[in-house]
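Student: I am new to this structure. Please take me through one part of it closely, the nonpolar core and what surrounds it.

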Amino acid sequence: MASHALRSRRRLPLAAALAVLAAGTAPGASALEPGPAPEAAALQEVMFVGNNWDGTADVIRSSGTFAKLGRINVIPDKQKRLAEIYINPVKLVYFLGIRNGPGEGHDQFVDDMYSTPDGTAMVVSRPSFADVVSIDLTTGKIKWRFPVSGYRSDHMAVSPDGTRVAVSASTSNTVHVLDITTGKEAGSFKTGDKPHENVFTDGGKYIWNMAIGDVNTDTDAPWLDWTKGDRKITVVDAATFKPVKVIDMRDRLDAFGRKDLNDAVRPVAFTPDESKLYFQVSFFNGFVEYDVADDRITRVKTLPKNPGTSEDRTTWVNDSRHHGMSLSPGGDKLCVAGTMDDYATVVDRATLQEGPLITASKPYWATVSGDGKACVISESGSDQVTAIDFTTGRKTVSVPVGDHPQRVRIAHVPADWTSPAALG
């Protein structure tokens with residue numbers, strides 16, 4: 001894979017994309033002189049907040065007050081899915097395993113979600129149901145459902161043009177790439193153990209997948225690291241789904257002199273030109289900087305520990321001491337969720353100096369507000385999302401949401417949207 005291809009500037013995100021309109025013919029007009037195409041429906045930019053244990057997604061404003069606009073039930077078929085699971089012993093074992101493992105005693109009903117380009121539907125991965133569904137934002141009904149291979153679905157990513165969504169199937173070491181409108185599979189590829197984060201790069205030409213290995217076991221002592229499985233980054237051609245590069249961060253970390261760091265790559269953030277990749281790893285309170293073209297680690301940042309955080313690694317959720325990163329639109333500030341240390345902070349990318357430590361209850365994700373001015377974190381321990389100003393590093397507002405918010409994504413819905421719950 002040519003390095004210059006990976007360094008090119010990223011395209012507009014899904015939230016900015018609109019559906020292509022078919023040209024129509026006005027009554028009485030000649031077929032050679034088609035009439036004007038109908039106008040696209042007006043959309044408003046919002047944020048989706050996935051409430052994993054609730055099985056709901058809150059829709060909030062994407063900046064400013066971040067006020068709540070409505071809520072979507074993403075498991076309207078819950079009883080049907082449970083009936084299927086309880087009559088299948090193998091499915092039941094995995095279902096209960098998810099509840100007692102990554103779910104911390106709860107079912108995982110929403111991991112990740114995006115809007116379709118026309119803003120009419122929400123596409124959601126549902127770990128406990130091992131599927132991806134499209135929910136009609138007007139009726140609340142399921143438009144399509146795609147069962148993933150294996151028994152658990154996880155993180156997703158959407159292509160820059162908004163037409164495809166990639167979803168990790170945790171237990172089958174597979175990433176499925178689906179048509180976001182129809183749910184039909186365009187292709188798939190194999191990964192390392194437990195595929196997690198997905199990112200489209202180079203305008204959608206490549207897909208990066210980060211496999212994190214077994215994070216649900218208690219074999220967390222460093223000398224038992226070999227039990228965690230095959231952790232690697234798989235980069236594939238998004239058209240052919242053929243691998244173009246496999247990156248083993250174990251070798252890169254060792255070469256940098258950090259044999260003490262785990263090599264399971266967790267949440268990531270690319271710079272706007274995709275020349276640098278920032279990522280978190282299991283068990284580490286900090287992050288790593290990786291030069292894409294040179295294929296080497298260039299810096300490692302250790303962030304403060306919370307004195308109140310237990311050093312018993314088996315108590316850390318899914319091996320992640322810190323989980324959640326985002327980068328300001330200008331590429332000059334990183335926002336880091338210090339999950340088990342109960343804070344979030346904005347870091348200057350040039351100096352790697354952290355700003356104020358903003359107290360937060362088990363922050364699980366970090367994204368960027370619609371206006372680019374704030375980092376928005378999900379506080380899974382207190383059921384709220386909180387905005388932190390990139391310039392000052394200070395908290396601006398917190399908004400209550402549902403039970404155990406995790407992923408937060410920029411999305412679009414119709415300008416006059418009202419949630420199905422309010423309609424009913």
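Tutor: Start with the surface. The accessible surface of the protein is about 16,800 Å², and carbon and sulfur atoms hold 52% of that. This is a predicted model. The protein has 424 residues, and 57% of them are buried. It contains 5 helices and 28 strands. Take the contacts between residues at least 6 apart in sequence: 50% of these join residues at least 24 apart.

Now go inside. In soluble globular proteins, nonpolar side chains tend to be buried together. Here the largest nonpolar core has 23 residues. Phe48, Ile72, Val74, Met122 and Val124 have the most contacts inside this core. Several elements give two or more residues to the core. Among them are strands E1 (43–51), E2 (56–61), E5 (121–126) and E6 (131–136). Helices H2 (78–86) and H3 are also on that list, and so is strand E28 (405–414).

Look at methionine 122. Leave aside residues up to four places away in sequence. Methionine 122 then touches Phe48, Ile72 and Val74, among others. Its contacts also include Ala57, Met113, Tyr114 and Ser115. Val133, Ser134, Ile135 and Leu137 are touched too.

Next, helix H3, which spans residues 89–100 and holds tyrosine 94. Tyrosine 94 has 36% relative accessibility, so it counts as partly exposed. Together with Val90 and Val93, Tyr94 makes a nonpolar surface patch of about 270 Å².

Now the rings. The whole structure has 6 aromatic pairs. One joins phenylalanine 109 and phenylalanine 129: the ring centres are 5.3 Å apart and the planes lie at 50°, so the pair is tilted. Phenylalanine 109 is in the loop between H3 and strand E4 (112–115), and phenylalanine 129 is in the loop between E5 and E6, so the pair ties together parts 20 residues apart in sequence. Phenylalanine 109 is buried, at 4% relative accessible area. Phenylalanine 129 is buried as well, at 5% relative accessibility.

Another pair is edge-to-face: tryptophan 208 and phenylalanine 270, 5.2 Å centre to centre, with 85° between the planes. Tryptophan 208 sits in strand E13 (residues 206–211) and phenylalanine 270 in strand E16 (residues 265–270), so this pair ties together parts 62 residues apart in sequence. Both tryptophan 208 and phenylalanine 270 are buried.

Key. Residues numbered from 1 in each chain as written. Predicted model: local features only at pLDDT ≥ 70, side-chain atom pairs only at ≥ 80, totals over all residues. Heavy atoms only, no water. Patch = residues over 30% accessible without salt bridge, like charges linked within 9 Å, V, L, I, M, F, W, Y side chains within 5 Å. Areas by Shrake-Rupley, 256 points an atom, 1.4 Å probe, with all protein chains shown as cover. Salt bridge = Lys/Arg side-chain N within 4 Å of Asp/Glu carboxyl O. Helix = DSSP H or I, 4+ residues; strand = E, 2+ residues; numbered from the N terminus. Buried < 20%, exposed > 50% of the residue type's maximum accessible area, 1.4 Å probe, protein only. Core = buried A, V, L, I, M, F, W, Y, C linked by side-chain atoms within 4.5 Å. Contact = heavy atoms within 4.5 Å. Phe/Tyr/Trp six-rings, centres within 6.5 Å; stacked < 30°, edge-to-face > 60°.
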